[in-house]
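Visitor: Could you take me through this model slowly, as I am new to reading structures?

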Amino acid sequence: MSSGSYFPSPVRAVPIPKDGGRGIRMLGVPTIADRIAQTVVARRLGKRTEEIFHVDSDGYRTGRSAIDAVAKCRARCWKQDWVLDLDVEKFFDSVPHDLMIKAVEANTDQKWIVLYVRRWLAAPTRQPDGTLVEPDRGTPQGSAVSPVLANLFLHYAFDSWMAREFPEVQFERYVDDAVVHCGSWRQADILRTAIGRRMAEVGLQLNLAKTKIVYCKDSNRHGRYPAVVFDFLGYTFRPLPAVNRRTGKMFTSFGPAMSRDQQTRKGREVRRWRIHLRTGRTLTDLATGINPRVRGWMNYWGHFNRSQMLHLLQRINAYLMRWARKKYRRLRSKQRLQAWWERVVTNEPGLFAHWAWVTDCGGSFAGR
C-alpha cells in the first residue's frame with residue numbers, strides 16, 4: 001500500500017431489503033484483501049477525525065452508540081417544543097467524489113491514504129447480473145472505510161456548518177440520520193430551508209417528503225399540529241402515557257419507544273422461525289437458537305419504554321405454547337397446557353432471555 005502498487009478489486013453489489021419493505025438497498029461487498037486495506041486506512045483516519053468530530057456526532061465512533069444519540073434526543077425533546085426531522089436523499093449513492101477527497105486531504109499528510117481513497121471511490125461495482133458499473137459519485141455501503149468517510153464528509157457538510165451558522169441550535173447526527181431541535185415552528189422552517197440550500201451546495205439533496213417539522217406534544221404542550229411523531233434510529237418518538245412516580249398520576253410524556261416498523265419487522269422474523277413446527281427440538285434447543293437474537297433486541301429497544309415491545313415478546317411465548325401443544329398430546333387441553341407452562345417458567349426462569357421481562361402470551365390462546 002505504501003508503494004502505491006496495490007489496486008482494489010471490483011466491489012460486489014448485493015441487494016438487501018430496506019426496513020419496512022420500502023424497496024431495496026445496495027450493499028457494496030469488497031474482497032477480503034480490500035477490507036483489510038480499508039480497515040488500515042479507516043484506523044489511520046479515525047485517529048485524526050476523532051479529534052475534530054462534533055460532540056453530537058455519534059455514528060460509528062469509539063465509545064459512542066446509537067443509544068447515546070437517542071438518549072440525547074429524548075432529553076432535548078423535553079426541553080424544546082419542536083424538532084426538524086431530516087432525511088438526506090440517498091446519501092451513500094450521492095456523495096461527490098471531489099469533495100470527499102478534499103475532506104480526506106484536509107486530515108492527512110499521507111499521500112498513499114488519499115491515493116487509495118480515490119481508488120476505492122472509483123472502483124467499479126459488479127452488479128448481480130455480472131455487469132460492471134463505473135461510479136461517478138457515492139461511496140459503497142458495506143466497505144470498512146465508508147463509515148469514517150461518511151462521517152468526515154458530513155462533519156464539514158453539516159456539523160461544522162451548523163456550529164458556524166447556527167451555534168445555538170442543538171442536534172444529534174448518526175451518520176446520515178439527523179434530528180435538529182428548535183424553539184418554534186418558524187425557527188424549524190427557517191432551518192429546513194437553510195439546510196436544504198446547504199445540502200445542495202455540497203451535492204446532496206433533502207428528501208422533502210420525509211423531512212418534516214414535528215411538535216413534541218405532551219401534557220404541558222397544547223395545540224393541534226399535523227405531525228407529532230418521528231422516527232430516529234429504530235425508535236419512534238411520540239406522545240406516550242406515563243405515571244408521575246411521586247404522585248401516581250397519569251400524564252402524557254414525549255419520548256422514544258421501539259418503532260412500529262421495527263415491531264412489525266421483528267414480528268415477521270419471529271414467524272419465519274416457525275418455532276411451533278420444530279417439534280423435534282427440545283426447549284433448550286429452541287432457547288439456544290433464539291436467545292442471541294432476542295437478547296440483542298432487548299438490549300437495544302429495552303432502554304426506553306420497553307413496555308412497548310412486550311407484545312412482540314409475548315408473541316414468542318405464544319409460539320412456544322403452540323410448540324408444546326403439538327409436541328405433547330397430553331397438553332391439548334388449555335388447562336393442562338397452562339399448568340405445564342407455569343411449571344416450566346417457575347423451574348427454569350432463565351431458560352429464555354425474554355422471560356426476564358414477560359412470561360405470558362398476552363391473553364392470546366396458544367392453541368389456535
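Visitor: Where is the place of Gln170?
Guide: To place a residue we use DSSP runs, numbered from the N terminus, where a helix is a run of H or I with at least four residues and a strand is a run of E with at least two. This is a predicted model, in which local features need pLDDT of at least 70 and side-chain atom pairs count only at pLDDT 80 or more, while totals for chains, interfaces and linings use all residues. Residues are numbered from 1 along each chain as its sequence is written, and side-chain values use heavy atoms, with hydrogens and water left out. On that numbering, the place of Gln170 is in the loop between α6 (146–165) and β6 (171–174).

Visitor: Is Gln170 buried, partly exposed or exposed?
Guide: A residue is called buried under 20% relative accessible area, exposed over 50%, and partly exposed in between, with a 1.4 Å probe and protein chains only. The relative accessible area of Gln170 is 34%, and therefore the residue counts as partly exposed.

Visitor: Which residues does Gln170 touch, not counting those up to four places away in sequence?
Guide: Touching here means a contact, that is, heavy atoms within 4.5 Å. Gln170 and Gln80 are 90 residues apart in sequence, and their C-alpha atoms are 9.9 Å apart in space. With residues up to four places away left out, Gln170 touches Arg76, Gln80, Val179, Val180 and His181.

Visitor: What percentage of the contacts in the protein, with a separation of 6 or more, is between residues 24 or more positions apart?
Guide: The protein holds 11 helices and 11 strands, and its C-alpha atoms fill a box of roughly 70 × 55 × 35 Å along the principal axes. Among contacts with a separation of 6 or more, the share of residues 24 or more positions apart is 67%.

Visitor: Which side chain does Asp58 meet in a salt bridge?
Guide: Side chains of opposite charge can pair when their charged atoms come close. A salt bridge is counted when a side-chain nitrogen of Lys or Arg lies within 4 Å of a carboxyl oxygen of Asp or Glu, and the model has 15 salt bridges by this rule. With 2.8 Å from N to O, the partner of Asp58 is Arg64.

Visitor: Which residues do salt bridges that share partners join into one network?
Guide: The pair of Asp58 and Arg64 meets in a salt bridge, and both residues belong to the network. Joined through shared partners, the members are Asp56, Asp58, Arg64, Lys72, Arg76 and Glu172.

Visitor: How many residues apart are Arg221 and Asp81?
Guide: Arg221 forms a salt bridge with Asp81, the closest N and O atoms being 2.8 Å apart. The pair links distant parts of the chain, with Arg221 in the loop between β8 (212–215) and β9 (230–232) and Asp81 in the loop between α2 (66–79) and β3 (82–87), at a separation in residues of 140.

Visitor: Is Arg221 buried or exposed?
Guide: Arg221 also meets Asp218 in a salt bridge, at 3.6 Å from N to O, and Asp218 counts as buried at 15% relative accessibility. Asp81, by contrast, is partly exposed at 27%. Because the relative accessible area of Arg221 is 7%, it counts as buried.

Visitor: Where is Leu233, which has a positive phi although it is not a glycine, found?
Guide: Leu233 has a phi of about 55°, and the residue is buried, with a relative accessible area of 15%. Leu233 is found in the loop between β9 and β10 (235–243).

Visitor: What is the phi of Asn305?
Guide: Asn305 has its place in the loop between α9 (283–301) and α10 (310–327), and at 34% relative accessibility it counts as partly exposed. Although Asn305 is not a glycine, its phi is positive, at about 50°.

Visitor: In which helix is Ile32 found?
Guide: Ile32 is exposed, with a relative accessible area of 68%. Together with Ile36 and Val40, Ile32 makes a nonpolar surface patch of about 290 Å². Residues 32–52 form the helix in which Ile32 is found, namely α1.

Notes
Patches are made of residues with over 30% relative accessible area and no salt bridge: like charges are joined within 9 Å, nonpolar side chains (Val, Leu, Ile, Met, Phe, Trp, Tyr) within 5 Å. Accessible areas come from the Shrake-Rupley method with a 1.4 Å probe; for residues, only the protein chains shown count as cover.
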